[in-house]
Amino acid sequence: MNQINIQYYKTKIGELILGSFDDRLCLLDFRYRKMRTAVDNRVKIGLGANFLEQNDATLTKAKEQIDEYLTGNRKEFDIPLLMIGTDFQKSVWNALIKIPYGATSTYLQLAKNINNAKAVRAVAGANGANAIALAIPCHRIINSNGELGGYGGGLSVKKRLLKLEQRNCALSDDEKYEFIGSKDTKYDGYFFTAVKTTMIYCLPSCSAKKPKRENVIFYNTTNEAIENGYRACKVCKP
Ligand SMILES: [Zn+2]
């Protein structure tokens, strides 16, 4: 029988269970979450393997990176991941990884990102079935109405993680301004640039003429821009 090396790891957001298989991280999750047994069984069955409590280089690296992440010194995990699930679940988890540190998204947006706008409920299910927390940042998904939504590690932990990231993240307005017109689409959908002289709002990557710094204001959502009287740009269609 194959084995999955596991370790329990106490952190300030609760006790975690970490698992590695074939030098890849297949488990990083809350030890006492509701779906613990279901997630563990999926991983075990998917790999045809059992848990053995034993440390290894992958798990050591994971612990280090978790510590760095929780102290605000790491924004992305740099460990090979092994996702155990259906193709649909994997597509959702891969879309989650693309949500930038400090940003949030919604089930609906995630469904759109995998070109399956009608699959919102299934996307929410896949999000909840994530076995590799933090590295696959399911905590960055909130409800469309702005409420926090659920989390395997509990809502107070989710709130704490989002706060940590937002505090640390964060692009200052000057840094956001640097992105305007850079053609870098990384932050498209995560903040919007509104121009006071034209009353138009854009995606950061918009190729229209770069506005002067003093004329730009930033919003986190299109709704905020619209509420403040801005219209969507016809070039970048935010
Ligand atoms: Zn534009």
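This is a guided tour of the chain, stop by stop, for use with the viewer open.

**Before you start**

The model is predicted: local features need pLDDT of at least 70, side-chain atom pairs count only at pLDDT 80 or more, and totals for chains, interfaces and linings use all residues. Residues are numbered from 1 along each chain as its sequence is written.

**Whole chain**

Show the C-alpha trace. The C-alpha atoms fill a box of roughly 65 × 35 × 30 Å, taken along the principal axes. The chain holds eight helices and 10 strands. Here helices (H or I, at least four residues) and strands (E, at least two) are DSSP runs, numbered from the N terminus.

Of the 238 residues in the chain, 34% are buried. Buried means 20 or more other C-beta atoms within 10 Å of the residue's own; exposed means 12 or fewer, and partly exposed lies in between, with C-beta atoms placed from the backbone.

Colour by domain next. The assignment gives domain 1 (2-70), domain 2 (87-169) and domain 3 (173-232). These bounds come from an automatic or database domain assignment. The C-alpha centres of domain 1 and domain 3 lie 41 Å apart.

**Stop 1: strands β1 to β4**

Select β1 (residues 2-11) and β2 (14-21). Seven bridges join β1 to β2, and the two run antiparallel. Strands count as paired if DSSP finds at least two bridges between them. Lysine 10 has glutamate 15 in β2 as its bridge partner. The hairpin from β1 to β2 passes through two residues.

β2 and β3 pair in the antiparallel sense over six bridges. Find serine 20: leucine 25 in β3 stands opposite. Then look at the hairpin of β2 and β3, which has two residues between the strands; aspartate 22 takes a positive phi near 60° there.

Is β2 enclosed or in the open? Six of its eight residues are buried, so β2 is largely enclosed by the rest of the structure.

Now select β4 (residues 49-53). The number of buried residues among its five is zero, so β4 lies largely in the open. Five bridges join β1 to β4, and this pair runs parallel. Glutamine 3 stands opposite asparagine 50 in β4.

**Stop 2: leucine 59**

Go to helix α2 (residues 57-70) and pick leucine 59. Leucine 59 is buried, with 21 other C-beta atoms within 10 Å. Which residues does leucine 59 touch, not counting those up to four places away in sequence? They are Asn5, Gln7, Leu18 and Ser20. Contact means C-beta atoms, placed from the backbone, within 7 Å.

**Stop 3: the largest nonpolar core**

Show side chains. The largest nonpolar core has 42 residues, and those with the most contacts inside it are Cys26, Leu27, Leu28 and Ile132. Such a core is a set of buried Ala, Val, Leu, Ile, Met, Phe, Trp, Tyr and Cys residues joined through C-beta atoms within 7 Å. β3 gives the most to this core, with five residues. The core draws at least three residues from each of domain 1 (2-70) and domain 2 (87-169).

Centre on cysteine 26. Leaving aside neighbours within four places in sequence, its contacts include Ile4, Phe21, Val43, Leu82 and Ala131.

**Stop 4**

Select α3 (residues 87-97); its buried residues are Gln89, Val92, Trp93, Ala95 and Leu96. Seen down the axis of α3, they fall within an arc of 160°, so they line one face of the helix. The arc is that of the directions from the helix axis to the C-beta atoms. These residues pack against α4 (107-113) and α5 (120-128).

Move to α5. Buried here are Val123, Ala124, Ala126 and Asn127. They cover an arc of only 160° around the axis, which puts them on the same side of α5. Their cover includes α3, α4 and β6 (141-142).

**Stop 5: the four-stranded sheet**

Finish with the open sheet of four strands, ordered β9-β7-β8-β10 with mixed pairing. Its edge strands are β9 (216-219) and β10 (231-232), each pairing on one side only. β7 (residues 192-195) pairs with β9 in the antiparallel sense over four bridges. Pick threonine 193 and find phenylalanine 218 opposite, in β9.

Technical notes. Contact = placed C-beta atoms within 7 Å.
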